[in-house]
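Work through the two exercises below with the model open beside you. Each one sets a task and then gives a solution in steps.

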Amino acid sequence: MSVAAYDIPSSSPAVEDSAIRHDWTRDEVLVLFALPFLELMFRAQMVHRAHFDPQQVQVSTLLSIKTGGCPEDCAYCPQSVHYDTGVKAEKLMRLDAVLAEARAAKAAGASRFCMGAAWRSPKDRDLEQVCAMIEGVKQLGVETCVTLGMLTGPQARRLKEAGLDYYNHNLDTSPEYYERIITTRTYQDRLDTLGAVRDAGIHVCCGGIVGMGESADDRAGMIATLASLPVHPESVPINMLVQVEGTPLATGTALDGIDFVRTIAAARITMPASMVRLSAGREDMSDETQALCFLAGANSIFYGPKLLTTPNPDRDRDAQLFARLGLTAME
Ligand code: SAM
Ligand code: DTB
Ligand code: SF4
């Protein structure tokens, strides 16, 4: 397949690449993956610099407000009741405890506070408590994001009314590989939730996980699906699988770091104006691999020593990384 057969931004800086497309095909993404690595990096940087200050990285802090005991069977997830991972089921956190964490995140430099719950979908009573958390965090002057599972239209509108800025709901993988990973809800269920979030006027945070034994074709299928949504997600988290003991994916072969970077570059090129988040998996990544991810167009991270249940680099390591690379946290 020839590169020239597709309308991919050329390596000439004179070529305008700002037209945002919503008709990316899997084959086109595979063509990006097959580019010589340095060419792919160059193209990703060009697209990145046309839309963002390349020195600035957005910083979000994550808090698990309801941990464990989830009825879904997502094969990667330590919080599913189907797997024995040692994660204990807990109740929804209290408002004051959540706000204390949000204040600490703000003081440490986070501009967005993301709250995650291990639910298939929220009960309306729980949603009201989450709305109070959103209102409280907003009052601190911090952007809000929540990830609560599947939503109905009225639930999405209620979250919007509470002032929610972003809703995270991932497609996770390609439509074809999906049923190998999750059987308790469909790909279409996920697209329907994303539609409800978009219709409610909430910004969409949607990406996926790589390193789950999927093929390059599946990674391309996931990126093409995201980049063909009627409106691109404003935020695109690309997670490297965190292999958690007890889950069905605990023992697979880890994805090659360069292939991870290629996935980030493809997300950047196909969704030029979206924030691309170098998401889970940084704890086990070298500074050099992370630097390549930023070069490939990642411009957002989770900051703070814990993701939901697994470790993330501690703040000192990230401060040193930012200093080494001359990066600054976005206001
Ligand atoms: N229960 C809700 C749901 O699934 O929509 C929200 C929380 S769920 C933990 C949020 C996302 O975390 C998942 O969609 C998945 O992409 C990511 N995730 C979970 N476990 C992971 C792991 N072990 N490695 C990488 N990403 C993971
Ligand atoms: C996303 O895409 N990644 C985050 C956030 N959205 C909610 C979650 C990563 C979870 C990693 C496994 C854990 O810590 O439990
Ligand atoms: Fe539950 Fe979300 Fe984990 Fe799936 S990813 S098992 S829905 S917490």
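**Exercise 1: the surroundings of ligand 1**

In this predicted model, ligand 1 sits in the largest cavity. Describe which residues surround ligand 1 and which polar contacts they make with it.

Solution. Begin with the shell: 17 residues surround ligand 1, and the closest are Tyr76, Thr147, Asn170, Asp172 and Val242.

Next, look for pairs of N or O atoms within 3.5 Å, the cut-off for a polar contact. A polar backbone atom of Tyr76 lies 3.0 Å from a nitrogen atom of ligand 1, and a backbone N or O atom of Ala117 is 3.2 Å from a nitrogen atom of the ligand. From Asn170 it is a side-chain N or O atom that takes part, 2.9 Å from an oxygen atom of ligand 1.

Finally, consider the cover: of the 550 Å² of accessible area that ligand 1 has on its own, the protein covers 91%.

**Exercise 2: the surroundings of ligand 2**

Describe the shell of ligand 2 and its polar contacts in the same way.

Solution. Start again with the shell, in which 13 residues surround ligand 2, with Asn170, Asn239, Leu308, Thr309 and Thr310 the closest. This shell holds six nonpolar, seven polar and no charged residues.

Then turn to the contacts. Leu308 places a backbone N or O atom 3.0 Å from an oxygen atom of ligand 2, while a side-chain N or O atom of Thr310 is 2.8 Å from an oxygen atom of ligand 2. A polar side-chain atom of Ser279 lies 3.5 Å from a nitrogen atom of the ligand.

To finish, the protein covers 88% of the 410 Å² of accessible area that ligand 2 has on its own.

Definitions and conventions: Residues are numbered from 1 along each chain as its sequence is written. Chains are lettered from A and ligands numbered from 1 in the order in which they are written. This is a predicted model: local features need pLDDT of at least 70, side-chain atom pairs count only at pLDDT 80 or more; totals for chains, interfaces and linings use all residues. Side-chain values use heavy atoms; hydrogens and water are left out. A residue is near a molecule or strand if one of its heavy atoms lies within 4 Å of it. A polar contact is a pair of N or O atoms within 3.5 Å; within protein, one must be able to donate a hydrogen and the other to accept it, and residues adjacent in sequence count only if both atoms are side-chain atoms. Accessible areas come from the Shrake-Rupley method with a 1.4 Å probe; for residues, only the protein chains shown count as cover. Ala, Val, Leu, Ile, Met, Phe, Trp, Tyr, Cys and Pro count as nonpolar, Asp, Glu, Lys and Arg as charged, and the others, Gly among them, as polar. On a 1 Å grid over the protein atoms alone, a cavity is a set of points where a 1.4 Å probe fits but cannot get out, and a pocket is an open set with protein on both sides within 12 Å along at least five of seven lines; lining residues have an atom within 4 Å of a point. A molecule sits in a cavity or pocket if more than half of its atoms lie within 2 Å of its grid points.
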